[in-house]
Amino acid sequence: MTTAVPIKLFQFPRQFAIPNVSPFCCKMETWLRIAGIPYEVVDTPNPRKAPKGKVPFIEDGGQRLGDSSLIIDHLKKTRGIDPDARLDARQRATALAVQRTIEEHYVFVILYTHFIRDEGWQQMRHTFDGVPALVRPMVANMVRGQMRKILRFQGVGRLTDEEIMDSGRRDWEAVLTLFGDGPFFFGAEPATIDATLFGALATTLRTPVRSPMRDFLQDQPKLVAHTEYMRQRFFPELAG
Ligand SMILES: N[C@@H](CCC(=O)N[C@@H](CS)C(=O)NCC(=O)O)C(=O)O
């Protein structure tokens, strides 16, 4: 199905000089640019009414779809565009393992560095600046409390600060072991995994949120170069 109406991409409002502070929203918008699919952004600070209660989600020809991976599958099928088409079975397996490392573990490290650690919270509490002043502290603290609960339930929240930073470092050491010669993960052309990596790296490296995790990543030339290359190639409008 081809439609003249651009896809609507619902995501958190942009903050800082990155596509999105949410790794999943950044991944989705980057993927749309890799695929060259036209879209318009709808700022969505509160995803409560989203199809899966989360951002990103899209509206495509009247249909609303949530979850970045399901959206990508849908667009690959309906648009006949697939940045992963050239990958062999081993590369696909590697991409899935790396994606799961980032999306099912490292994003919780991000949740911790950005919203629970004090250095992160001093920056990220401004996310709530749009909430009426009278209830702002209550809403911000409530959301932060929910994040603490999520982290405890998931498990990362039961570790010490040092243990959490160490677990994040291990994620990236594994990713780096599998990372090819560049500039993209699988060589000369971008694949979906590059959008996933950019989503996680941009919010760690290119926001004012300081942490030992960011210090570690800043010392990894391959990851710094990947982030910069992705920004230049797909988001040249965002300041360097
Ligand atoms: N598996 C989902 C994850 C999306 C996700 O976790 N989104 C977060 C932002 S990074 C969200 O909407 N959180 C708000 C909430 O859970 O209420 C995807 O790939 O899109």
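1. Is arginine 14 buried, exposed or partly exposed? Arginine 14 counts as partly exposed, because 16 C-beta neighbours fall inside 10 Å; the cut-off for buried is 20 or more. Please keep in mind that this is a predicted model. Arginine 14 sits in the loop between β1 and α1. Leaving aside neighbours within four places in sequence, its contacts are Pro19 and Asn20. Arginine 14 and cysteine 26 are twelve residues apart in sequence. In space, C-alpha to C-alpha, arginine 14 and cysteine 26 are 9.5 Å apart.

2. The loop between β1 and α1 also holds phenylalanine 16. Phenylalanine 16 has a positive phi of about 65 degrees, although it is not a glycine. Phenylalanine 16 counts as partly exposed, because it has 16 C-beta neighbours inside 10 Å.

3. Aspartate 67 is another non-glycine residue with a positive phi, here about 80 degrees. It lies in the loop between β4 (63–66) and α2. With 17 C-beta neighbours inside 10 Å, aspartate 67 therefore counts as partly exposed.

4. Check the cis peptide bonds. The bond from valine 55 to proline 56 is cis, with omega near 5 degrees. Proline 56 is in the loop between β2 (39–43) and β3. The bond from glycine 182 to proline 183 is cis as well, with omega near 0 degrees. Proline 183 belongs to the loop between α6 and α7.

5. Now the domains. The assignment for the protein chain gives domain 1 (7–79) and domain 2 (89–234). Their centres, taken over C-alpha atoms, are separated by 18 Å. Domain 1 puts 15 residues into the contact, and domain 2 puts in 16 residues. On the side of domain 1 that touches domain 2, α1 supplies the largest share, eight residues. By class, that side of domain 1 has twelve nonpolar, one polar and two charged residues.

6. Next, the core. Nonpolar side chains tend to be buried together in soluble globular proteins. Here the largest nonpolar core has 47 residues. Met28, Val109, Phe185, Leu197 and Phe198 touch the most other members. Elements giving two or more residues to this core include β1 (7–11), α1 (23–35), β3 (57–60) and α2 (68–79). Also among them are α3 (89–116), α6 (161–178), α7 (192–205) and α9 (221–234). The most comes from α3, with eight residues. The core draws at least three residues from each of domain 1 and domain 2.

7. Not counting residues up to four places away in sequence, phenylalanine 198 touches Cys26, Thr30, Thr227 and Met230.

8. Finally, α3. Which residue marks its bend? The helix bends by about 40 degrees at tyrosine 106. How does the length of α3 compare with expectation? At 1.5 Å a residue, its 28 residues should span 40 Å. The end C-alpha atoms of α3 are 39 Å apart, so the two values agree.

9. What is buried in α3? The buried residues include Ala95, Val98, Ile102, Tyr106, Phe108 and Val109. Ile110, Tyr112, Thr113, His114 and Phe115 are buried too. An α-helix has 3.6 residues a turn, so residues three or four places apart point the same way. The buried residues of α3 pack against α1, α4 (118–124), α5 (136–154), α6, α7 and α8 (212–218).

Terms used. Residues numbered from 1 in each chain as written. Predicted model: local features only at pLDDT ≥ 70, side-chain atom pairs only at ≥ 80, totals over all residues. Core = buried A, V, L, I, M, F, W, Y, C linked by C-beta atoms within 7 Å. Buried ≥ 20, exposed ≤ 12 C-beta atoms within 10 Å, placed from the backbone. Helix = DSSP H or I, 4+ residues; strand = E, 2+ residues; numbered from the N terminus. Domains from an automatic or database assignment. Contact = placed C-beta atoms within 7 Å. Expected span 1.5 Å × (residues − 1). Bend = angle between axes of the 7 residues up to and from the residue. Nonpolar A, V, L, I, M, F, W, Y, C, P; charged D, E, K, R; others polar.
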